[in-house]
Amino acid sequence: MESGEASRFLAAEAVCAEKRMERCIALVDCNNFFVSCERVFRPDLEGRPVVVLSSNDGCVISRSNEAKALGIGMGVPWFKVSSVPKNREVIVFSSNFPLYSDLSNRVKRLLSVFSPVHEEYSVDESFLDMTGQTDVLKQAFAIRETVWREVGIPVCVGIGPTKTLAKLANFVAKKHPVSGGVFTCDTLDMVRKRELLSGIPAGEVWGIGRRLSRTLAGMGIGNAAQLHDADIRMMRAQFGVTMERLILELRGVSCLDITQVRPPRRQILSSRSFGVRITRLDDLENAMAFHAAHVGKQLRQEKLVAGMVQVFLETDPFRLDKPQYHPCFCMPFAEPTDSTAEISRYAMHGLRRIYRNGHEYRKGGLCVSELSSADSGCSDLFSVGGEKRKRIDEIMDTINARFGDGTLRLSQDDRLSRRWMPKKEKASPRYTTSWDDLPECGEPAN
């Protein structure tokens, strides 16, 4: 680090030490989010071990505390643990992402009431800037109560002068029930802060992954306190500026702003692992039409157009006894588009170029890139049918929004022919996104 830059950071750190309450950031994190979403409509599951599985019912992606107590790890293939006798009482759900997304949006709308400056970090986490608010601790408990009362999702709140310390505070709030689901670093003196950081493994610090934590352990850095005390110049030289900022954040110097405006998308991807191995071209065409509809809808919702489409297929790399083939094909559109029909037309052309008979495909999808604003006005003067396609998409979107996705769709997107769809043998109803799955008053959800 240059001497001038080092002086600037040290001065900023000194100011932060003197005026600790100038910056106050809260991280609100939903507890075991996917499992909690399932429990909203199934209160009978409280206190019972519950897991949610990934696409095709493959791996564990969410666990209740009771399932964690049984030793069920995150990301483990379910078939490896389902046969263990102690796991036979575990309640299993296939992933229900429409439900999870809707409940996530409801939680984040509530959080916006507590702070006008907030960042949606992930589907179950949000940063809130609480700077200048009175009695932030009371506000944090109000957040927990409000989200639980209005949505039924339990959350924990961590508070600190930086995003990294807010993350660690949230970790403490989750691990220690005596905290009541809320913990703040702002009121800690240096001695208590050091005790806190000494008890947190370095791997739990935001941005320190499993591989990096092993490297740090080899350097004698095993907990957050040791990382806090590390030589910042040496760490920057070895790991780069990201590590420098992380250490400064641990020391209370805010280096990461709350991002209210999402950076512009670079691409939109839609893909699925197939529920069965697919060999026929018409099944693959059905899958591509489904993905084209999904991507087209997302482009229009975000007022974007795409200039390029890529189609890809995959065989199963674990089946070494089968021939392997992992093709992809990229094509530029004649002009940037958000039309489902146009995306599908190009996708079908690309699919036929890469398809080979005799292979068992386990996954396929498409990706659009070179995204730009739909209002940029860059269109081909010689194109025909653009306004007609736009009107068709508007009508389809309106009808599908009213009567449900897929009410109007392309002819190749035939629901009855979706042999490729991922397995969802234990999916719960789409309680909040489908009229057909709306629970009736007085009847328990199944």
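This is a predicted model: local features need pLDDT of at least 70, side-chain atom pairs count only at pLDDT 80 or more; totals for chains, interfaces and linings use all residues.

Trainee: Which helices each supply at least two residues of the lining of the second largest cavity?
Mentor: They are helix H8 (190-198) and helix H10 (224-228), where helices are DSSP runs of H or I with at least four residues, strands are E runs of at least two, and both are numbered from the N terminus. Residues are numbered from 1 along each chain as its sequence is written, and side-chain values use heavy atoms, with hydrogens and water left out.

Trainee: What makes a space a cavity and not a pocket?
Mentor: On a 1 Å grid over the protein atoms alone, a cavity is a set of points where a 1.4 Å probe fits but cannot get out, whereas a pocket is an open set with protein on both sides within 12 Å along at least five of seven lines; lining residues have an atom within 4 Å of a point. By this rule there are 3 cavities of 30 Å³ or more.

Trainee: How many residues of each class line the largest cavity?
Mentor: Its lining has 1 nonpolar, 2 polar and 5 charged residues. Ala, Val, Leu, Ile, Met, Phe, Trp, Tyr, Cys and Pro count as nonpolar, Asp, Glu, Lys and Arg as charged, and the others, Gly among them, as polar. Among the lining residues are Arg-277, Asp-316, Pro-323 and Gln-324.

Trainee: And what is known of the second largest pocket?
Mentor: The second largest pocket has a volume of about 1200 Å³ and is lined by 37 residues, of which Asp-29, Asn-32, Lys-68, Lys-174 and Lys-175 lie nearest its centre. The largest share of that lining, 6 residues, comes from helix H7, and by class the lining has 17 nonpolar, 9 polar and 11 charged residues.

Trainee: Why is Asn-56 called buried?
Mentor: Buried means under 20% relative accessible area, exposed over 50%, and partly exposed in between, with a 1.4 Å probe and protein chains only. Asn-56 has a relative accessible area of 19%, so Asn-56 is buried. Asn-56 lies in the loop between strand S2 (50-53) and strand S3 (60-63), and its phi is near 65 degrees, a positive value in a residue other than glycine.

Trainee: Is Glu-370 buried or exposed?
Mentor: Glu-370 has 52% relative accessibility and therefore counts as exposed. Glu-370 is found in the loop between strand S12 (361-369) and strand S13 (372-373), with phi near 50 degrees, again a positive value in a residue other than glycine.

Trainee: Which residues of helix H11 and helix H12 are in contact?
Mentor: Contact means heavy atoms within 4.5 Å, and Ile-232, Met-235, Arg-236 and Phe-239 in H11 meet Val-241, Met-243, Glu-244, Ile-247 and Leu-248 in H12. By class, this contact has 7 nonpolar, no polar and 2 charged residues.

Conventions
Grid points are joined across faces, edges and corners, and a volume is the space filled by probe spheres set on the points.
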